[in-house]
Structures are given as C-alpha cells and as structure tokens.
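Hi everyone, thanks for coming.

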Amino acid sequence: VLSLGNFPKYLFDKTNIDSNLIQIIQTLVYASQLDYTNLNNEMIGWVKSRQDSIKSLKNLLENLFKDHALNDFDYLFENKFLIESIFDAYFKGLNDYTTNSKGDSGSKVREAALESIESLIQLSSMLKIEWIINDRDLIIKCLSGIGQQAVERIDRTRNLAGRVFSNLIYNNEFNIDKNNPSLAKILKSIFTHEICANIDWN
C-alpha cells in the first residue's frame, strides 16, 4: 500500500484526467477505512492497512504537487467530491481507537491522520485552493479533531497533535487570520504565539 503513495508523477497521464490516478486515490480512501469488528462492534483488525493507506494518500498528493504550484494534476482539487472523501478518510482515522494485546494500536492511525490533515491543508494553502481554506466548517472540523488528539493520554500522540495544531494556526501560507478571521481571533486569544512556542505538549 505504501508504494502507491510513492509513484512518481511521470507515470500518470498529464494530458487528460487520468482515471488510473483517480482510481488509486479512491482505492486508498477505501482501504483507509477497512475494519474488522468483533461482537461488541469494536474495531480489532486492519490497523496497519488503515495507517499505511492514509500515509500513502498524503505522500501521493505531496509527490504530485511537490513544486507547490498548480500543474497538470490540478483537476484533482477541482473534484470536490474526491477531496472531501480524502478529508473524510482522515477524519475517520482521527477516531480510530482500535485496541489489541499491545494496547492502543489505533493511535498509529490517528497520528498518520494528524500529519495528513496538516499536509493537505498546507498544500491547499500553497496552491490557493479557496474552497478548502475558506470553508469555515471544514477548518473547524479539522482543528477540533486535532485539538481532541492534543489531550490524548498517549504522550507521542498528544505531542504530535499539539505541534500540528499550533503549526496550522500560525502558518503564514494558511493565514487563518485572513481566511477565517473570527475563528482566528478566538483561537489566538487562547493559544497565543508565546504559549504555543513554549508549551510542553507531553
């Protein structure tokens, strides 16, 4: 699964909408949500598959737009349904609390989702995808999910979430002050730049 996220962009058709690329993304979205539940409706399997699928989605988009500019693949961001399905996969990943004999194995999926949400928002900001960065409800949902992970009991997960949260609200490319001024005012009144710089999320 991870190899799909590392496909170089020259393998895809640049002259038309590449149906194979779309299918790869859709397959990764599907695989990121595979689960196996027990009689108590608790997810107990496919953790590694979900984690790797989310990572592959992140890597694939970063590889396609690694020059941080719109190119022959900008049709992906014009496909609102496709991008929303990617966000939905990430949101579901943030709620993965699968446990096994070793403990909270779902934390690895949640951490992959945290990094992927940050990457997709930053990429959307650099590419100036207005329908994403100006969608107040979507941004609130992203920051709320990240904020939830910032109070998790696992140090590693909490630390990552805290860094992602502060990186986004003080990211110059994302520029939450311009795109969501009322939301920015609330967040930055609580999480000042000084607090975010000095807080120990562990």
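Okay, first thing to keep in mind: what you see is a predicted model. On average the protein has a pLDDT of 89, and 95% of the residues score at least 70. If we go element by element, helix α4, residues 80–94, comes out with the highest mean pLDDT, at 97. At the other end, strand β1, residues 36–37, has the lowest, at 57.

Now, let's go inside. The largest nonpolar core is made of 57 residues. Which residues have the most contacts inside that core? They are Leu21, Ile25, Leu76, Phe77, Phe87 and Leu143. In soluble globular proteins, nonpolar side chains tend to be buried together.

Take Leu76 as an example. Leaving out residues up to four places away in sequence, Leu76 touches Leu21, Ile22, Ile25, Leu61, Leu64, Phe65, Leu82 and Ile83.

Let's move on to the backbone. Most residues other than glycine have a negative phi.

Where does Lys128 sit? Lys128 is in the loop between α5, 107–126, and α6, 130–133. The phi of Lys128 is positive, near 60°, and this residue isn't a glycine. With a relative accessible area of 56%, Lys128 counts as exposed.

Then there's Asn175, in the loop between α8, 155–169, and α9, 176–179. Asn175 isn't a glycine either, and its phi is positive, near 50°. Is Asn175 exposed or partly exposed? Partly exposed, because its relative accessible area is 28%.

Notes:
Residues are numbered from 1 along each chain as its sequence is written. This is a predicted model: local features need pLDDT of at least 70, side-chain atom pairs count only at pLDDT 80 or more; totals for chains, interfaces and linings use all residues. Side-chain values use heavy atoms; hydrogens and water are left out. pLDDT is the predictor's confidence in each residue, from 0 to 100. Helices (H or I, at least four residues) and strands (E, at least two) are DSSP runs, numbered from the N terminus. Buried means under 20% relative accessible area, exposed over 50%, partly exposed in between (1.4 Å probe, protein chains only). A nonpolar core is a set of buried Ala, Val, Leu, Ile, Met, Phe, Trp, Tyr and Cys residues joined through side-chain atoms within 4.5 Å. Contact means heavy atoms within 4.5 Å.
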